[in-house]
Amino acid sequence: MANICNDIDRLRVLELHHMDKLLSILTDPKNNLFQSATWEEYQEALGNKVFRVSCDDNAALLVKLPLYKDKSYLYCPRGPMCMKEGWHVLLRKAREIAAAENCVFLRVEPYQLPAKTVKELRFREVISYTPLSRQYSPMDTQILDIDKRDDDLLAEMKPKWRYNIKLGYRKGVQIRQSTKLTDLHKFHELSLGMKDRGYTPFELEHYERLLYTLTHGKNVTMFVAEHKKKVLSVILVTFCGEVATYLHGASSDESRELMPNHLAQWEAILEAQRRGCKLYDFWGVAPEGAENHSWSGITRFKQGFGGRTVHFVGAYDAVFDAKWYNTFCLANLFRKLIKK
């Protein structure tokens with residue numbers, strides 16, 4: 001019995017060590033694409049006004065986004081990445097920007113929140129009836145540690161996933177990398193065909209600006225899966241420092257038995273390794289235990305590649321105009337009640 005307990009304790013230590021490794025990489029500013037100069041350029045290309053706010057050693061990126069008529073809000077994508085004292089500075093400067101720009105609140109989506117920060121600074125947790133209740137970045141995501149041999153990565157997958165990758169190769173599916181507009185247009189065409197599966201794509205112009213900006217910064221590649229010169233699926237993967245992120249994907253209902261999606265992900269993982277990445281972020285899975293979640297299918301697909309599900313702290317709002325914020329909360333609540 002003592003040996004069994006010791007083994008369990010060792011496993012717990014290994015798990016904690018592994019989680020510490022993941023978080024240390026994710027929270028390193030050089031690995032955060034969504035707080036980078038490239039993402040700032042992308043937001044400007046979309047026509048959004050951006051601000052760089054120095055809060056400590058790092059400068060947080062804030063994006064001004066429309067809310068209702070002349071009302072707007074500030075959004076900090078996957079950030080801020082500052083220490084406890086820096087949050088106070090960030091909030092003070094954000095309040096000044098909000099007063100000048102008619103912003104109702106600041107929304108943050110950090111990887112971590114320092115202890116007592118929420119209570120001290122009166123942040124409100126984003127829940128179902130708060131304005132814009134959906135997060136931009138996922139609260140739960142599947143992270144794959146790719147700092148290991150290819151054979152080890154394959155061994156840690158579900159057996160069916162290993163089989164599907166080999167099947168794709170055997171059936172002649174080809175994966176090529178691209179940053180061409182013609183392939184982006186094919187991606188958008190495929191994404192429009194996925195509406196029946198509950199997928200809501202952006203407009204083509206949105207993807208064009210994403211591709212142009214991130215290609216300029218060498219931060220994005222499309223992986224195009226073809227069979228007999230017919231495009232079956234396309235995924236967009238971003239690269240920033242030691243982290244690769246599967247940001248968007250689209251596929252056809254045709255020839256799914258050829259497993260193009262499994263093969264495209266595997267080739268993207270191999271490319272991430274070649275670029276020196278240590279983590280592959282599958283970008284969004286259903287919360288643990290949410291079996292009827294709309295992401296249940298894609299969650300099973302992502303988790304089949306191995307890795308672990310990482311739960312982040314979620315989104316929080318710092319309210320600058322309580323009257324308008326509470327009005328939007330009530331409007332959102334009534335809208336949801338009527339919809340039900």
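This is a predicted model: local features need pLDDT of at least 70, side-chain atom pairs count only at pLDDT 80 or more; totals for chains, interfaces and linings use all residues.
Which residues make the contact? On the H6 side they are Trp161, Asn164, Ile165, Gly168 and Tyr169, and these meet His262, Leu263, Trp266 and Glu267 in H9. Sorted by class, the contact of H6 with H9 comprises five nonpolar residues, three polar ones and one charged one.

Let me turn now to the sheet, which is open and is formed by six strands in the order E1-E2-E3-E4-E13-E5, with mixed pairing. Strand E1, residues 49-54, and strand E5, residues 124-125, stand at the edges, and because each has a single partner strand, one side of each is left without a neighbour in the sheet. The pairing of E1 with strand E2, residues 59-68, is antiparallel and runs over six bridges; within it, valine 50 has valine 63 in E2 as its bridge partner.

Helices also pack against these strands. Helix H2, residues 37-45, packs on the sheet by touching E1 and E2, and its direction makes about 150 degrees with that of E1. Helix H11, residues 322-339, lies across E2, E3, E4, E5 and E13, running at about 70 degrees to E4. Strand E2, then, is touched by H2 and is also among the strands that H11 lies across.

Definitions and conventions: Residues are numbered from 1 along each chain as its sequence is written. Side-chain values use heavy atoms; hydrogens and water are left out. Two strands pair if DSSP finds at least two bridges between them. Helices (H or I, at least four residues) and strands (E, at least two) are DSSP runs, numbered from the N terminus. Contact means heavy atoms within 4.5 Å. Axes are lines fitted to C-alpha atoms, for helices over the stretch in contact, and angles run from 0 to 180 degrees between N-to-C directions. Ala, Val, Leu, Ile, Met, Phe, Trp, Tyr, Cys and Pro count as nonpolar, Asp, Glu, Lys and Arg as charged, and the others, Gly among them, as polar.
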